[in-house]
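Please look at the sequence and the model before reading on.

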Amino acid sequence: MSSLDDNHLIDLAVDLSNLIKKAKLTNVKFIVSTHNPLFYNVLYNELNREKNTGRYRLQKLNDGTYLLMTQTILLFLIIYSC
């Protein structure tokens with residue numbers, strides 16, 4: 001999703017959140033990765049409406065491995081400008 005405008009990006013995030021919610025009755029799991037803060041925030045807020053939706057993040061450890069952490073708050077993304 002590198003070249004979507006904001007409106008399409010929001011639509012995609014809402015549609016994806018609806019798909020994730022519908023799949024709750026199945027055994028399907030989702031991993032969503034993005035570099036886009038708008039997409040992340042819309043998706044997080046859409047899924048956060050239901051408090052029992054699991055949210056996790058990968059925390060990279062010093063030894064190069066990753067730990068799956070429960071995500072309880074919205075992460076604020078810091079964008080550096082060069």
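**Serines and tyrosines**

Tyr40 counts as partly exposed, its relative accessibility being 22%, where buried means under 20% relative accessible area, exposed over 50% and partly exposed in between (1.4 Å probe, protein chains only). This is a predicted model, in which local features need pLDDT of at least 70 and side-chain atom pairs count only at pLDDT 80 or more, while totals for chains, interfaces and linings use all residues. Residues are numbered from 1 along each chain as its sequence is written, and side-chain values use heavy atoms, with hydrogens and water left out.

Q: Is Tyr44 buried or exposed?
A: Tyr44 lies in helix H2 together with Tyr40, 4 residues apart, about one turn of the helix; helices (H or I, at least four residues) and strands (E, at least two) are DSSP runs, numbered from the N terminus. With a relative accessible area of 9%, Tyr44 is buried.

Q: How do the rings of Tyr40 and Tyr44 count as a pair: stacked or edge-to-face?
A: The structure holds 1 aromatic pair, and rings of Phe, Tyr and Trp (its six-membered ring) pair if their centres lie within 6.5 Å, with planes under 30 degrees apart counting as stacked, over 60 as edge-to-face and the rest as tilted. The ring centres of Tyr40 and Tyr44 are 6.1 Å apart and the planes are at 25°, so the pair is stacked.

Q: Which residues is Ser17 in contact with, leaving aside its neighbours within four places in sequence?
A: Ser17 lies in helix H1 (residues 6–22) and is buried, at a relative accessible area of 0%. Contact means heavy atoms within 4.5 Å, and beyond those sequence neighbours within four places, Ser17 is in contact with Leu43, Glu46 and Leu47.
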